[in-house]
Amino acid sequence: MLIFKITDPELNVFMGRLFKEGVFDIFEVRGLEVGAFTNFQISGALDRAFDEAPETSPGYCSWERIKPFAVAFIKGKKRPKAIKITLAYPSEDAAQVHPNAAALFLNINYENNEAQLSTAVSQRNFSLDKSVDGAWDDYIDAFFAKNNIPVSTRL
């Protein structure tokens, strides 16, 4: 598991990549919470009765689809008090990162003018082997480097 802390001025760059650009658009949203003048919560799970997604689709909305709602919640003169986003690498692609990967998560927690990001994994089959964690951490390191996402502190 990797844990990153991002503070100003890098925080502005990170938030721009997250909310204004398409860098994270491939990720699935597992959950979103925004604390502003009121609290907003979104589950990223698709409602199959409403959405015309085929039964074979992963069952979660992409960040690209949820992002406009998140931007609407945070837009205003004041910064939100807190933002929590749980993103997951697309379910159908997780095995490309590691064969035993069931789900690969990137947790984003914003509070007090800093963001803390952490990685987490869910394995297909129980194992004490931490190679899934290592593969996901390496992928995220490379993803941040490729997309010029500055990280202030690695915890």
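Modeller: Gladly! The buried residues of α2 are Trp63, Ile66, Lys67, Ala70, Phe73 and Ile74. Here buried means under 20% relative accessible area, exposed over 50%, and partly exposed in between, with a 1.4 Å probe and protein chains only. Seen down the axis of α2, these buried residues fall within an arc of 120 degrees, so they line one face of the helix. The arc is taken from the directions from the helix axis to the C-beta atoms.

Modeller: Before we go on, this is a predicted model, where local features need pLDDT of at least 70, side-chain atom pairs count only at pLDDT 80 or more, and totals for chains, interfaces and linings use all residues. Residues are numbered from 1 along each chain as its sequence is written, and side-chain values use heavy atoms, leaving out hydrogens and water.

Colleague: Why do residues three or four places apart point the same way in an α-helix?

Modeller: An α-helix has 3.6 residues a turn, so residues at that spacing point the same way. On the other side of α2, Pro68 and Ala72 are exposed.

Colleague: What do the buried residues of α2 pack against?

Modeller: They pack against α1 (10–19), β2 (28–35), β3 (39–43) and β4 (82–88), where contact means heavy atoms within 4.5 Å. Helices (H or I, at least four residues) and strands (E, at least two) are DSSP runs, numbered from the N terminus.

Colleague: How many salt bridges are found in the whole structure?

Modeller: The search finds 3. A salt bridge is a side-chain nitrogen of Lys or Arg within 4 Å of a carboxyl oxygen of Asp or Glu. One of them joins the side chains of Asp25 and Lys67, at 2.9 Å from N to O. This pair links distant parts of the chain: Asp25 lies in the loop between α1 and β2, and Lys67 in helix α2, 42 residues apart.

Colleague: Are Asp25 and Lys67 buried or exposed?

Modeller: Both are buried. Glu28 also forms a salt bridge, with Arg30, the closest N and O atoms being 3.1 Å apart. There, Glu28 is buried at 4% relative accessibility, while Arg30 is partly exposed at 22%.
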